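Hi,

Here is the structure I promised to send over. Have a look at it first, and then read on for what I found.

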Amino acid sequence: MAMEQTLSMIKPDGVKRGLIGEVIGRFEKQGLKIKAMKMLHLTLNQARAFYAVHKERPFYDSLTGFMSSGPIVALILEGENAIQVNRDLMGATDYRQAAPGTIRADFAKDIEANIVHGSDAPETARTEIAFFFNALEKV
């Protein structure tokens with residue numbers, strides 16, 4: 001198995017609903033280590049830059065508006081197959097299709113406001129980590 005790092009985000013709905021500790025606890029219970037963490041409030045332009053890959057999608061404006069609507073928590077998680085472990089913990093993007101016991105199945109109420117974001121591949125993880133964290137912030 002490969003030791004990996006991935007970016008995870010607790011979205012504005014998760015922060016607003018007081019789920020930071022619950023989400024972090026789930027990461028840690030699955031053996032993921034927090035290598036860096038910060039809370040910040042993305043501007044609309046920052047959210048647009050982060051989600052630029054979705055610029056042509058019909059949900060881009062609503063997603064970036066939502067992601068800039070309140071504070072988020074960005075984390076670097078590390079562990080064996082961290083990307084897949086994190087994605088399994090999060091559940092399907094559409095919370096109605098997420099497996100029971102996943103973060104989205106347990107807490108999400110909307111397809112965009114679905115509590116968490118996680119990188120989907122090693123290259124994406126590197127890019128997303130670099131978006132939020134500089135070299136001094138990484139442990």
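A residue counts as buried when its relative accessible area is under 20%. L32 is therefore buried, at 2% relative accessibility. Please keep in mind that this is a predicted model.

L32 sits in the loop between α2 (20–29) and β2. Leaving out residues up to four places away in sequence, L32 touches F27, L77, E78, G79, A82, V85, N86 and L89.

Next, helix α7, which spans residues 122–132. Its buried residues are A125, E128, I129 and F132. They lie on the same side of α7, because the arc they cover around the axis is only 100°. In general, an α-helix has 3.6 residues a turn, so residues three or four places apart point the same way. The face turned away from the buried side of α7 carries the exposed residues R126 and A130. As for partners, the buried residues of α7 pack against the strands β1 (3–10), β2 (33–40), β3 (72–80) and β4 (116–118), and against the helices α3 (44–50) and α5 (82–90).

One more residue for you to look at is D13, in helix α1 (residues 12–16). D13 is buried but has no salt bridge; R17, the nearest side chain of opposite charge, is 4.7 Å away. The D13 side chain does reach the backbone nitrogen of N114, at 3.5 Å. Setting aside neighbours within four places in sequence, D13 is in contact with F66, A113, N114 and I115.

Best wishes

Conventions: Residues are numbered from 1 along each chain as its sequence is written. This is a predicted model: local features need pLDDT of at least 70, side-chain atom pairs count only at pLDDT 80 or more; totals for chains, interfaces and linings use all residues. Side-chain values use heavy atoms; hydrogens and water are left out. Buried means under 20% relative accessible area, exposed over 50%, partly exposed in between (1.4 Å probe, protein chains only). Helices (H or I, at least four residues) and strands (E, at least two) are DSSP runs, numbered from the N terminus. The arc is that of the directions from the helix axis to the C-beta atoms. Contact means heavy atoms within 4.5 Å. Lys and Arg count as positive and Asp and Glu as negative; His and the chain ends are not counted. A salt bridge is a side-chain nitrogen of Lys or Arg within 4 Å of a carboxyl oxygen of Asp or Glu. A polar contact is a pair of N or O atoms within 3.5 Å; within protein, one must be able to donate a hydrogen and the other to accept it, and residues adjacent in sequence count only if both atoms are side-chain atoms.
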